[in-house]
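Here's a quick briefing on the structure below. Have a look at it first, then read on.

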Amino acid sequence: MDNKELWERYPDSWYIQYGLCGPVHSSLVNLQIDRKQMYFTRMGSLAKMDSLKELRLKLKQFAEERDWRQFHSPKNLTMALCGEAGELSEQFQWLSEDDSKNLSEKRLAAVKDEIADIQLYLVLLADSLGVDIAEESARKIEANALKYPVAKAKGRSNKYDEL
């Protein structure tokens, strides 16, 4: 089934074709994302995404148990998020492009920790501002699809106003 047929059959879904991550993978994976239920289909199997709502509730409970919510202003959370992004960047500093794609187990574990820290602060920040991450991400993907049409943007790294 081609993309046009998929779009007509599932109008509330996005279809994304991407290369698998990791060193030297040439195979492609087709993803179907149901925008309402946030389910992913990968090569015919269905798995529900981890719930951002559940994660948000666990984080709120964690912070409340420690009386940390008082420190969770949007400013403080943004600064913490930037700090964690810096720590993630540090894991890749001075690596070559190839080295950044082939991390040692130790470095990959550190990268995973920093990605998790970033995600946790992002969920807390969104919660502090009343932002629904899944909804806003869906909106942004649609906006980017309009700014970067395949016919103009495919294979190019130019900003949308330079296409």
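This is a predicted model: local features need pLDDT of at least 70, side-chain atom pairs count only at pLDDT 80 or more; totals for chains, interfaces and linings use all residues.

**Overall layout**
- The chain has seven helices and four strands, and from the N terminus the order is α-β-β-β-β-α-α-α-α-α-α.
- Of the 163 residues in the chain, 17% are buried.
- Among contacts with a separation of 6 or more, 35% are between residues 24 or more positions apart.

**Where H2 meets H5**
- Helix H2 (residues 52-65) and helix H5 (residues 105-129) have axes that come within 10 Å and cross at roughly 90°, so the two helices are roughly perpendicular to each other.
- On the H2 side the contact includes Leu-52, Leu-55 and Leu-59, while the H5 side includes Leu-120, Val-123 and Leu-124.
- Sorted by class, the H2 contact with H5 has six nonpolar, one polar and three charged residues.

**Salt bridges around Asp-127**
- The chain's salt bridges number seven, and one network of them links Arg-56, Lys-60, Glu-64, Arg-69 and Asp-127.
- Asp-127 is buried, at 18% relative accessible area.
- Its side chain pairs with Arg-56 at 3.4 Å, N to O, a link between H5 and H2 across 71 residues.
- Asp-127 also bridges to Lys-60, with the closest N and O atoms 3.9 Å apart; these two are 67 residues apart.
- A further bridge joins Asp-127 to Arg-69 (3.6 Å, N to O); Arg-69 sits in the loop between H2 and helix H3 (74-92), so this pair ties together parts 58 residues apart in sequence.
- Arg-56 is partly exposed at 23% relative accessible area, and Arg-69 is partly exposed at 33%.

Conventions. Residues are numbered from 1 along each chain as its sequence is written. Side-chain values use heavy atoms; hydrogens and water are left out. Axes are lines fitted to C-alpha atoms, for helices over the stretch in contact, and angles run from 0 to 180 degrees between N-to-C directions. Angles under 35 degrees count as roughly parallel, over 145 as roughly antiparallel, 65 to 115 as roughly perpendicular and the rest as oblique. Contact means heavy atoms within 4.5 Å. Ala, Val, Leu, Ile, Met, Phe, Trp, Tyr, Cys and Pro count as nonpolar, Asp, Glu, Lys and Arg as charged, and the others, Gly among them, as polar. Buried means under 20% relative accessible area, exposed over 50%, partly exposed in between (1.4 Å probe, protein chains only). A salt bridge is a side-chain nitrogen of Lys or Arg within 4 Å of a carboxyl oxygen of Asp or Glu.
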